[in-house]
Amino acid sequence: MSHITKQSLSELIKNIKDKKLSSTEVTKAFVERSEKSKELNAYVTEDFSAAIDKAKRFDQKPNLDLKLPGIPMAVKDLFCTKNIKTTAGSKILNNFIPTYESTVTQNIWNEGAILLGKLNCDEFAMGSSNETSFFGNVQNPIDKDLVPGGSSGGSSSAVAAQLTPITIGTDTGGSIRQPASFTGIVGLKPTYGSCSRYGIVAFASSLDQAGPMAQNVKDCALLHEVISSYDEKDSTSIDFKRNNYSKELTNNIKGKKIGIPKEYRVDGMPKEIEDLWKKGIDYVKDCGAEIIDISLPHTNYALPTYYIVAPAEASSNLARYDGVKYGFRADGENLIDMYEKTRSEGFGAEVQRRIMIGTYVLSSGYYDAYYLKAQKVRKLIKNDFDEAYKKVDAILTPSTPSSAFKIGEKTNDPVSMYLNDIFTVPVNLAGLPGISIPAGHDAKGYPLGLQIIGKAFDEQNLLNIAYAMEEKINFKNKITDWWIK
Amino acid sequence: MSKDKSEYLINRKDNQYEVVIGLEVHAQVTSESKLFSTSSTKFGAEPNTQVSLVDAALPGMLPVINEYCVKQAIKTGIGLKAKINKRSVFDRKNYFYADLPQGYQISQFKDPIVGEGKVILDMPDGQKEVGIERLHLEQDAGKSIHDLDPKNTLVDLNRSGVALMEIVSKPDLRSPDEVNAYVKKLRSIMRYLGTCDGNMQEGSLRADVNVSVRKKGTKEFGTRCEIKNVNSIKFMQMAIEYEANRQVDLLEEGQSIDQETRLFDTKKNETRSMRSKEDAHDYRYFPDPDLLPLEISDDFIEKLKLEIPELPDEKKKRFIEKFKVSPYEATILVSDNETSNYFENVIKKSDVKLATNWIIGELFAALNEKNLEITESPISAGNLSKLINLIKDGTISGKIAKTVFEHMMEGDKDPKKIVEEKGLKQESDPKALEALIDKVIDDNREKATEYKSGKVKLFGFFVGQVMKVSGGKANPQLVNEILKKKL
Amino acid sequence: MSIDLKTIKHISKLSRISVDENKAEKLAGDLNSIFEFIEKLNELNTGNVEPLTSVAETTLKLRSDKVKSKNLREQIIKNSPQENEDYFVVPKVIE
């Protein structure tokens with residue numbers, strides 16, 4: 001048996017079910033490794049001793065019929081967890097302790113998993129490098145001073161570094177797929193409406209979606225099966241028949257039609273990304289799928305659209321952080337003074353920037369020119385996909401236009417930071433499922449990911465294609481444990 | 001100020017000004033739970049005890065709409081003869097305030113649930129139609145309390161999220177009296193429908209009043225001011241009167257009127273500017289991405305139509321046609337459902353004309369004196385009906401009936417029993433009356449002679465005497481007849 | 001189009017985030033570069049396009065009118081910055 005933390009979720013479950021490992025042993029192993037990995041700064045809140053207690057309790061009366069029996073896991077600090085501090089990576093929620101649990105995490109605990117702690121992320125999930133977190137940068141285990149991607153940077157780092165066997169992130173414009181790609185792991189952004197948004201600190205309501213992050217496609221499928229549920233507490237949750245994604249997983253994708261959108265060949269894209277994409281196309285062909293060239297003509301407009309829609313919604317969603325009911329409050333002479341100081345001191349620069357953008361595009365005189373315009377372009381982007389899916393079953397693209405970059409490299413240039421999400425953002429705008437799988441390395445040995453985009457509610461097909469490709473790619477993450485002394 | 005016919009005009013030197021008023025009435029829906037959360041809407045609870053995680057805008061909390069509130073809005077729309085929009089959208093109205101936990105109010109801006117409709121007012125000089133612009137659903141805010149703590153403002157979120165229907169009239173109202181009639185009519189329609197209890201003391205019905213003035217005869221509207229959150233009809237009327245005169249004074253001095261929000265100070269009886277222009281709000285409305293468009297099927301609307309009771313206008317028409325009551329009487333009788341029900345119960349077994357007079361006259365006066373609603377009336381419809389029948393069949397006179405009525409007001413007693421117990425039965429035996437009358441004539445010989453010699457006015461004196469002697473119980477009609485013969 | 005300091009002041013007021021001169025300069029610079037990039041949308045003619053608000057192709061579900069949330073005062077007030085048993089407390093509101 002390989003070392004516990006090196007085992008995949010599926011292996012851990014099998015070993016626990018076969019009584020070769022106890023939940024306590026597994027939990028202790030991940031706690032121990034997490035303790036040794038503080039330099040990664042993946043955790044905002046550790047709940048290790050409680051996790052070990054829960055594991056012991058599980059072992060006393062193990063329910064092995066559950067889908068995640070006694071499996072420890074850390075989650076992104078955007079999910080509200082009952083009686084455990086939930087910060088969204090922000091000073092403004094630094095002292096906030098929810099008295100309720102998000103639906104997605106509740107689904108996970110209901111299947112026997114155990115909370116290890118809360119993982120670092122960009123403040124209110126606004127960022128592509130985890131550098132906007134109030135709690136500091138997260139290190140990418142691939143290399144020192146390399147960003148782990150964002151906003152689910154703590155999550156990607158923790159899975160890649162094996163501090164948690166699996167995790168969940170949230171994805172508004174690429175926040176699961178881009179960090180997955182940067183750290184050599186698998187990340188799925190489900191169809192909008194698959195996973196409940198109840199209890200998740202909101203960034204942009206029409207785009208936010210929770211999803212699984214794991215070391216392989218099968219683990220990802222299993223975790224997705226657990227978290228995807230219809231929820232009456234979320235008016236945008238969709239009631240559709242959900243599969244047993246992990247059970248129905250197959251590598252047989254013969255005859256599937258895979259679209260290659262020409263617009264994803266962007267100017268200045270590194271050759272290694274282009275090569276990776278070509279390799280991906282070959283893998284898909286090897287699996288017996290058919291390659292079809294398609295066009296998604298409005299791709300170039302996705303990012304500008306996103307940077308209107310997401311900040312607009314965020315400017316309103318974040319109005320509740322006003323120092324009145326919970327969280328940080330700065331002293332003020334009167335109510336308005338208190339508001340302005342609280343929000344100026346409580347939010348970081350990127351969040352303030354986005355609130356300002358959002359406020360501006362919704363303000364009187366600019367609504368039609370920006371917000372309404374963006375909603376119309378969003379429709380065109382969705383129409384592009386609808387057209388494409390008349391011809392193909394799924395679409396293959398690179399996950400990101402580059403591999404992971406150095407900490408600090410892009411912090412002074414918001415637009416170049418935003419360009420990171422160029423391939424992931426259209427998927428959120430159209431509400432589609434997208435998965436990033438590790439597919440190769442660049443010259444520096446940094447992982448690169450490929451993205452598969454599916455039809456709405458067609459996660460099974462998406463996972464099957466990813467599963468088949470994964471087998472062909474046979475990716476090995478190059479992690480040296482450099483941070484462990 | 002002059003009242004030329006019923007026109008409400010403000011006179012200055014050579015100019016006459018007309019007042020143009022539009023109302024935004026906020027009516028609380030009679031739901032058990034809030035519009036987007038499952039906490040209670042009950043009035044008068046301890047502060048912050050009816051606040052859910054959603055109402056307090058905790059992170060990650062999401063709104064889920066209450067079906068009952070949607071139905072009540074549609075029913076009200078039907079009652080206002082309005083267009084029901086099968087697709088409506090909830091928007092966020094963004095602004096910061098201590099009692100607005102989300103930092104936005106969920107309301108409907110571009111696509112309200114109910115479109116144009118109308119309300120008919122019965123004014124002394126005839127009917128007047130007031131256009132309804134729209135009705136939309138929105139959340140109420142919490143309450144800021146400024147006077148409990150010298151340094152701080154305290155916030156109670158019990159009302160936060162309670163469902164309101166905002167009913168926006170067209171600028172069709174022209175006087176405080178019309179505003180009075182309009183609000184009463186709206187209240188009456190909603191109470192008939194059961195969609196809003198109309199309780200103004202508890203804040204279930206408030207209005208923002210838009211007032212502008214213009215020279216009589218001009219077509220263009222003047223610049224309007226909005227007087228926020230006025231919670232009684234009397235205050236609305238006072239506020240309009242003050243505000244209209246203020247605007248006229250400004251215009252007469254050659255000044256212009258700033259479009260602004262004002263509040264009515266009920267102690268000083270004046271309106272005051274609430275916000276400086278610099279602080280003018282930009283609400284940044286946009287569709288709430290936590291909610292999808294509300295789509296309603298024809299079937300849903302048709303089912304609700306079946307639940308609509310007969311409304312005041314139709315009922316009034318029926319009362320006039322079927323019961324031959326006057327339009328004035330009908331208006332009073334249908335003013336609320338309880339009164340019309342009471343009326344219809346009384347007339348099931350008794351005379352309509354008498355019943356109408358007794359309800360509008362004696363009963364209303366007595367209830368008013370005791371400050372009771374018709375539903376709290378000590379006299380049941382059945383017993384009032386019995387009393388009317390006692391008058392009708394001559395058992396008691398109208399005058400005696402008033403005495404009986406007074407006894408009935410003390411507790412709901414059967415009028416027949418009261419008449420028996422108190423011996424109030426009318427004397428209608430001609431022989432007994434003849435004896436009585438003979439005695440009266442005997443005692444007043446001189447006057448009888450005068451009468452016979454032509455002083456016919458004395459007849460009244462004799463009637464009075466007979467009634468007095470009989471203790472008011474003599475049947476006045478018979479007394480008349482017999483007296484005439486005897487004299 | 002260009003976002004000037006006056007606009008920055010205006011939106012900072014609307015969003016209730018205080019902005020000093022330095023911060024305003026920096027924000028104006030950032031926002032201008034972001035909007036330059038956003039202006040790309042003007043290339044598109046969207047005259048007849050229906051705006052898309054939500055990708056969830058379903059209609060609003062309605063819940064029944066039942067009171068489920070109990071008295072949560074203690075829980076809700078627990079996290080508030082200024083202590084008081086009954087109320088949320090904020091600095092005096094000046095109208």
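The model is predicted: local features need pLDDT of at least 70 and side-chain atom pairs count only at pLDDT 80 or more, whereas totals for chains, interfaces and linings use all residues. Residues are numbered from 1 along each chain as its sequence is written, and chains are lettered from A and ligands numbered from 1 in the order in which they are written.

Chain B contains 15 helices and 17 strands (DSSP runs numbered from the N terminus; helices are H or I of at least four residues, strands E of at least two). The C-alpha trace of chain B spans about 95 × 55 × 50 Å along its principal axes.

Helices H12 (residues 430–443) and H15 (residues 476–486) of chain B pack with their axes 10 Å apart and at an angle of about 55° (axes are lines fitted to C-alpha atoms over the stretch in contact, and angles run from 0 to 180 degrees between N-to-C directions). H12(B) and H15(B) are therefore oblique to each other. Residues in contact (C-beta atoms, placed from the backbone, within 7 Å) include B:Leu433, B:Ile437 and B:Ile441 in H12(B), and B:Leu478, B:Ile482 and B:Lys486 in H15(B).

Technical notes
Angles under 35 degrees count as roughly parallel, over 145 as roughly antiparallel, 65 to 115 as roughly perpendicular and the rest as oblique. Two residues are in contact if their C-beta atoms, placed from the backbone, lie within 7 Å.
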